[in-house]
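The sequence and structure are shown first, and the notes follow.

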Amino acid sequence: MLNSKEESMKDKGILIVLSGPSGAGKGTICDALRKRMPNLVYSVSMTTRAPRVGEQEGVNYFFRSKEEFEKLIQEDAFIEYAKVYDNYYGTPKAHVMNLLNAGKSVILEIDIQGAMQVKESFEDGVFIYIVPPSLEVLTHRLRDRGTDADDVINKRLSLACSELALAHKYDYIVVNDKLEEAIEKVASILRAETCKISRNKEKIHYIYQKYLEQGE
Ligand code: 5GP
């Protein structure tokens, strides 16, 4: 149990939203951030899409049927959900709220429709859009990944174009050309966010009281 001094000096949990087209490198960036920042927890989404080769239940996603997903929508079990490429994707509410309340930072890797829903209820969330340097690079990355058929890739490419027009709704944009640089940029954004005055009112108050006591 922390005492009140330790409590006010502790960094508070932040809700971080990462979006960007499939193939932008969000997953790789997320993995690298979690290794660097132990206080950061990845929120595992729920989806109705079929698992890809190598994907694991509860690690990459919670894989559910359409019926189960729709039942959970009725039960208000999601912070947000959206239909992306004909499948449902959603962020389970209870787990994320528990983590935030415990002071952990939580990272959501979600699409733009979901991000805009989150923005309505989490004003102090940090919204970061990851883009590949060009459509050509994105096309190569999706083909090289070898996980999607051509018609799915074409859908993803056209969605990437239309979504880029909405990138201004985010707080930050990071171009993932060189992976290491992109990771470092996102890490710098998160470090700066923890120092924001608006997130540190208790800390400032505590230091201020100390100054007063020492001046007496
Ligand atoms: P994929 O099928 O490639 O894993 O993901 C497809 C898209 O769904 C990606 O843009 C990804 O960010 C998005 N996505 C994954 N999980 C969620 C979620 O919980 N909510 C929303 N709104 N989008 C998600």
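## Ligand surroundings

The ligand is surrounded by 18 residues, the closest being Ser45, Arg49, Tyr61, Tyr89 and Asp111; a residue is near a molecule if one of its heavy atoms lies within 4 Å of it.

- A ligand nitrogen atom is 2.8 Å from an N or O atom in the side chain of Glu80.
- A ligand nitrogen atom is 3.5 Å from a polar backbone atom of Glu109.
- A ligand oxygen atom is 3.4 Å from an N or O atom in the side chain of Arg156.

## Model and overall layout

This is a predicted model, in which local features need pLDDT of at least 70 and side-chain atom pairs count only at pLDDT 80 or more, while totals for chains, interfaces and linings use all residues. Residues are numbered from 1 along each chain as its sequence is written, and side-chain values use heavy atoms, with hydrogens and water left out.

The chain has nine helices and nine strands. Helices (H or I, at least four residues) and strands (E, at least two) are DSSP runs, numbered from the N terminus. The C-alpha trace spans about 75 × 40 × 30 Å along its principal axes. Of the 216 residues, 42% count as buried; buried means under 20% relative accessible area, exposed over 50%, and partly exposed in between, with a 1.4 Å probe and protein chains only. Among contacts (heavy atoms within 4.5 Å) between residues at least 6 apart in sequence, 66% join residues at least 24 apart.

## Strands S1 and S8

Strand S1 (15-19) is mostly covered, with five of its five residues buried. Leu15, Val17 and Ser19 point one way from S1, and Ile16 and Leu18 point the other way. S1 is joined to strand S7 (residues 105-109) by four bridges, and the two run parallel. Two strands pair if DSSP finds at least two bridges between them. Ile16 stands opposite Ile107 in S7 and opposite Val126 in S8.

S8 (126-131) also pairs with S1 in the parallel sense, over four bridges, and Tyr129 of S8 is the bridge partner of Ser19. Six of the six residues of S8 are buried, so S8 is largely enclosed by the rest of the structure. Val126, Ile128 and Ile130 point one way from this strand, and Phe127, Tyr129 and Val131 the other way. Four bridges join S8 to S9, and these strands run parallel. Val131 has Val175 as its bridge partner in S9.

## Nonpolar cores

In soluble globular proteins, nonpolar side chains tend to be buried together. A nonpolar core is a set of buried Ala, Val, Leu, Ile, Met, Phe, Trp, Tyr and Cys residues joined through side-chain atoms within 4.5 Å. The largest one here has 23 residues, and Ile29, Leu33, Ile107, Ile128 and Ile130 have the most contacts inside it. S1, helix H2 (26-36), strand S2 (40-42), S8 and H8 each supply at least two residues of this core. H8 gives the largest share, six residues.

A second, separate core of 18 residues includes Leu100, Ile112, Phe122 and Tyr129.

## A buried asparagine

Asn176 lies in the loop between strand S9 (172-175) and helix H8 (179-194). Asn176 counts as buried because its relative accessibility is 3%. Leaving out residues up to four places away in sequence, Asn176 touches Ala24, Gly25, Ile29, Ile130, Val131, Pro132, Pro133, Arg141 and Ala182.

The buried residues of helix H6 (residues 135-145) are Leu138, Thr139 and Leu142. They cover an arc of only 100° around the axis, which puts them on the same side of H6; the arc is that of the directions from the helix axis to the C-beta atoms. Glu136 and Asp144, on the other side of H6, are exposed. Helix H7 (150-164) is included in what covers the buried residues of H6.

Asp76 has a positive phi of about 60° although it is not a glycine; Asp76 is placed in the loop between helix H3 (66-74) and strand S5 (78-84).

Methods:
Polar contact = N/O pair within 3.5 Å; in protein donor to acceptor, adjacent residues only side chain to side chain.
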